[in-house]
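Open your viewer and get ready to click along. We'll go stop by stop, with something to select at each one.

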Amino acid sequence: MTPRLSRRAVLAGAALLAAPSAVRAQSQARLLVIGGGFGGASAAGFARRRFPWLDVTLVEPKARFVTCPYGNLVIGGTKTLDAITHGYDGLRARGVRVVHDWAAGIDAAARRVRLQGGETLGYDRLILSPGIALRWGALEGYDEAAAEVMPHAWVPGDGAQTLLLRRQLEAMPDGGVVGMAIPANPFRCPPGPYERISMIAGYLKRHKPRSKILAFDAKDAFSKQGLFQDGWNALYPGLIEWVPANRDGRITRVDARDRVLESEFGEKHRVAVANVIPPQSAARIAIDAGLADASGWVPVNPVTFESRAAPGIHVVGDANIPGPMPKSGYIANSTAKQAVASAAASLRGEAPPSALYYNTCYSHVGDDYGISIVGIFRPNAEGTAIVEVPGSGGVSPRGNLPEQRRLEATYADAWYDSITRDMFG
Amino acid sequence: MRFVAALLAAFAMSAPAAAQAPLAAEGCYGCHGPGGTGAGGIPALAGRDAAELRAAMIAFRANERPGTIMGRVARGYTEAEIAAVADHFARLPR
Ligand SMILES: Cc1cc2nc3c(=O)[nH]c(=O)nc-3n(C[C@H](O)[C@H](O)[C@H](O)COP(=O)(O)OP(=O)(O)OC[C@H]3O[C@@H](n4cnc5c(N)ncnc54)[C@H](O)[C@@H]3O)c2cc1C
């Protein structure tokens, strides 16, 4: 491969190489990444692969990362926690300095981050992908202590929440009712609760056929709804009752002692196992740094993903306001790459690259039954908003299509394998 | 000669047209494997004939090639991006 270059370009390049200060400034450029999840791990690995002149440090408190994706299969009992746990040696091998600590504060003016352990790290560009915080107390009675009885399993941490929900399902007698509380938009992973309903239903059908699921929703419609409900009718008839907001499905209060979910209009539902997915916001560090607006999420530039409040800090992943895009792992991965490429361009005094964001969320509905939603997005011509490319994307076709469902279940596994290799190397 | 090669490589990376294609191709890695080497049942793209990859994408876009998902993906890309992405994968090692 020999790229054709004009004589002028070669001469300009020679001039750049001849200017030691410019080269040195570039070779020392420090990219700091906070958060080693879908956005942060993707950013750090991509930065080293595509811009090897960047000095990349990743700050992440956990030595092992448990993914949210496929956590629903652990809850349903068809995957182990080990299979969805990843380490950072691959990123280290790519030349990323990995620091296991919490970022405690960001000084945007001085371009410094203070770590809980006492160290201070300077940066030229910061990529912030800290994920979400659960809004404790937004549902009356749902705090950290209540989550030990009624798990959320929505921020897996070390996996304890995921395993707690799994153990409760195992311990539940046949005939017990599993209650779920599902939040209003926006929240992490729009199809996630419904994949979880499906995986729990699969377990109940096999092991506790007299049990059922009561899923209370603060919405009247949800992602891939037609496809999910087709699958539920085909695979789990009578096992799942989904209660939308317009049928008093919005849970506003919980009582952990008696495992009661209480609705907006005062209906009390006592259940054997309760999975409460509470309302969410950007993670604490983003809020403390003053990056979030009144909604609790971070407004960003649609091309560079720099925070509107603090240019120089690129906020990717679930913490930002992504316009029409979902809060998904694939979007975190794709926006992280655009943010890194923009940061690198700006460090070299160049314009950011043209942007293209891509999402696919596969969901498992049954063992050999997968469905998907695709979205491809770009900034509008003015660069003021993100829009979906007309005619692209969409959900899997509906109808009795067993081969499509079977293939999508296997392709979902391939997606998980690919994306986690892309992230963790 | 090594100096010139390094120089050329540096420029290939910073030229905006070159930067655009690999960023578009990054969107394929999450399913076709990093570097397009394939994953599970999803076919490899790396090291394949550019014209063949391009023709497949154009056919997916027009709904003329069967698939579970590629039509929905391909319709998000311009013809120029498809050409650049096909060239990109054709150059990658299998
Ligand atoms: C059940 C479930 C299923 C899902 N399935 C899918 C799916 O199939 N496909 C898909 O695309 N998406 C899926 N998602 C969504 C996906 O998990 C998220 O969109 C994705 O994790 C967002 O990436 P992120 O980088 O913003 O946050 P995370 O991946 O959560 O990473 C954030 C990281 O930042 C770290 N951190 C936080 N604060 C600090 C700090 N102060 N200092 C240092 N580090 C910090 C955390 O420890 C964490 O490791 C699912 C989510 C759930 C809950």
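Lys224(A) sits in the loop between β12 (212-217) and α9 (225-235) of chain A, and has a positive phi of about 55° although it is not a glycine. Helices (H or I, at least four residues) and strands (E, at least two) are DSSP runs, numbered from the N terminus.

A quick word on the ground rules. This is a predicted model, where local features need pLDDT of at least 70 and side-chain atom pairs count only at pLDDT 80 or more, while totals for chains, interfaces and linings use all residues. Residues are numbered from 1 along each chain as its sequence is written, chains are lettered from A and ligands numbered from 1 in the order in which they are written, and side-chain values use heavy atoms, with hydrogens and water left out.

Next, select Arg111(A), in the loop between β6 and β7 of chain A. Arg111(A) also has a positive phi of about 55° without being a glycine, but Arg111(A) is partly exposed, at a relative accessible area of 30%.

Now widen the view to the strands on either side of that loop. They belong to an open sheet of three strands, ordered β6-β7-β8 (chain A), with antiparallel pairing; two strands pair if DSSP finds at least two bridges between them. β6 (103-107) and β8 (120-122) of chain A are at the edges with a single partner strand each, so one side of each has no neighbour in the sheet. From one strand to the next, the twist averages 20° (axes are lines fitted to C-alpha atoms, for helices over the stretch in contact, and angles run from 0 to 180 degrees between N-to-C directions). Strand β7 (residues 112-115) of chain A is joined to β8(A) by three bridges, and Arg114(A) stands opposite Thr120(A) in β8(A).

Move on to strand β17 (residues 273-276) of chain A. Val273(A) and Asn275(A) point one way, Ala274(A) and Val276(A) the other, and all are buried. Strand β11 (residues 177-182) of chain A pairs with β17(A) in the parallel sense over four bridges, with Ala181(A) opposite Val276(A).

Follow the loop between β11 and α8 (192-207) of chain A to find Pro186(A). A cis peptide bond joins Asn185(A) and Pro186(A), with omega at about -10°.

Time to colour by domain. Chain A is divided into domain 1 (20-61 + 101-131 + 283-352) and domain 2 (146-280), with bounds from an automatic or database domain assignment. Their C-alpha centres lie 34 Å apart. Between them the two domains of chain A bury about 450 Å², 60% of it on carbon and sulfur atoms; buried area is the accessible area (1.4 Å probe) that two parts lose on being put together, summed over both. On the domain 1 side, Trp297(A), Asp318(A) and Lys327(A) lose the most area to domain 2, together 81% of what that side buries.

Which residue forms a salt bridge with Asp318(A)? Arg188(A) does, with the closest N and O atoms 2.5 Å apart. A salt bridge is a side-chain nitrogen of Lys or Arg within 4 Å of a carboxyl oxygen of Asp or Glu.

Technical notes: Buried means under 20% relative accessible area, exposed over 50%, partly exposed in between (1.4 Å probe, protein chains only).
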